[in-house]
Amino acid sequence: MSLLTNVMDHSLDDGYAEAAARKKADGSGGLPKTLRAKLGLAAGLVLAALVVTVGAAQARVAAPVVAKEREELVDRIEEETSAADELEKSVDELRDDVGARQREALEKSGDGDRSDLVGILSGAAEVHGPGVKLVVDDAKEAGVGGDGQARGTSDFSDTGRLRDRDMQRVVNGLWESGAEAVSINGQRLTALSAIRAAGDAILVDNRPLVPPYTVLAVGDGERLSSTFQDSADGLYLHALQENYGIRTAISVAEDLKLPAAPSVIVRTAQPITEKGTS
């Protein structure tokens with residue numbers, strides 16, 4: 001307290017105080033004395049005022065232009081979004097048409113059931129059935145752990161946010177536990193799907209996801225739920241919840257509907273023949 005009192009009572013250094021007193025005694029301090037110095041000071045003030053005035057005038061003139069450009073940009077974004085929605089709708093219609101033609105061709109060859117199974121497992125066809133719904137969300141206060149202390153660097157995320165590596169473990173754990181199809185926030189996963197990060201955002205096949213992350217997995221619901229929670233990846237998720245505040249909720253669902261993956265491409269194909277035939 002004595003140090004603070006001394007600082008408050010002697011806010012100006014003694015050396016500075018002596019120099020100010022000496023300038024005052026010599027008459028060199030304060031405002032300029034000569035007419036030339038006074039004119040120079042006045043000219044400087046006028047110039048500064050002129051610069052400020054010109055800057056304000058330019059800002060006022062540019063404001064409507066900036067507002068107009070912003071409105072044009074918003075309109076363009078809305079138009080492009082509508083166009084993208086129309087294209088996506090067209091892609092869905094074409095995919096349905098291709099699927100119908102494939103089923104028709106395979107029914108003629110007597111191999112429709114196998115084709116349906118391949119489509120489900122590859123993600124090329126939408127699927128519905130029983131399974132589990134897993135909702136994973138960041139900690140309530142990003143940057144702190146479940147005990148209120150700052151999170152340190154470890155194998156876990158140190159920001160209170162779920163990371164791509166955490167989501168990778170969740171998805172791999174569901175596959176290993178018997179899931180037949182998996183989606184995250186409506187994005188169907190395939191054998192070629194990539195879960196990556198861009199800053200704090202999680203990307204699935206280069207599409208950003210927004211928390212909370214809803215993971216749907218089709219399979220034997222009760223068995224899938226218990227197997228996943230007892231697996232190493234399920235225990236990893238539980239550790240995130242207990243130690244770092246990550247929020248999770250898992251439930252068994254009677255009927256889940258997962259869309260088809262939008263980017264499944266057939267690169268090679270060959271007819272399937274039974275053993276003993278050519």
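Let's start with Arg247 and Asp137, which form a salt bridge whose closest N and O atoms are 3.2 Å apart. By salt bridge I mean a side-chain nitrogen of Lys or Arg within 4 Å of a carboxyl oxygen of Asp or Glu. Side chains of opposite charge can pair when their charged atoms come close.

Before going on, a word on what you see: this is a predicted model, where local features need pLDDT of at least 70, side-chain atom pairs count only at pLDDT 80 or more, and totals for chains, interfaces and linings use all residues. Residues are numbered from 1 along each chain as its sequence is written, and side-chain values use heavy atoms, with hydrogens and water left out.

Back to our pair. Helices (H or I, at least four residues) and strands (E, at least two) are DSSP runs, numbered from the N terminus. Are the two partners buried or exposed? Arg247 is partly exposed at 35% relative accessibility, while Asp137 is buried at 17%. Here buried means under 20% relative accessible area, exposed means over 50%, and partly exposed is in between, using a 1.4 Å probe and protein chains only.

How many salt bridges does a search of the whole structure find? Two. The other joins the side chains of Arg169 and Asp233, at 2.9 Å from N to O. This pair also links distant parts of the chain, with Arg169 in helix H5 (residues 164-176) and Asp233 in helix H7 (residues 232-244), 64 residues apart. Arg169 is partly exposed, at 31%, and Asp233 is buried, at 11%.

Now look at Asp138, in the loop between E1 and H5. Asp138 is buried yet has no salt bridge, and the nearest side chain of opposite charge, Arg161, is 4.7 Å away. For charges, Lys and Arg count as positive and Asp and Glu as negative; His and the chain ends are not counted. What lies 2.8 Å from a polar atom of the Asp138 side chain? That is the backbone nitrogen of Leu162.

On to the nonpolar residues. In soluble globular proteins, nonpolar side chains tend to be buried together. A nonpolar core is a set of buried Ala, Val, Leu, Ile, Met, Phe, Trp, Tyr and Cys residues joined through side-chain atoms within 4.5 Å. The largest one here has 26 residues, and Met167, Leu174 and Ile184 touch the most other members. Elements that each supply at least two residues of this core include E1, H5, helix H6 (221-230) and H7. Apart from it lies another core, of seven residues, among them Val127 and Leu258. Leu174 has contacts, meaning heavy atoms within 4.5 Å, with Val132, Ala179, Val215, Ala217, Leu224 and Phe228, leaving aside residues up to four places away in sequence.

Gly221, Leu224, Ser225 and Phe228 are buried. They cover an arc of only 95 degrees around the axis, so they lie on the same side of H6; the arc is that of the directions from the helix axis to the C-beta atoms. On the other side of H6, Glu222, Arg223 and Asp230 are exposed. The cover over the buried residues of H6 includes E1, H5, E7, H7 and E8.

Notes
Polar contact = N/O pair within 3.5 Å; in protein donor to acceptor, adjacent residues only side chain to side chain.
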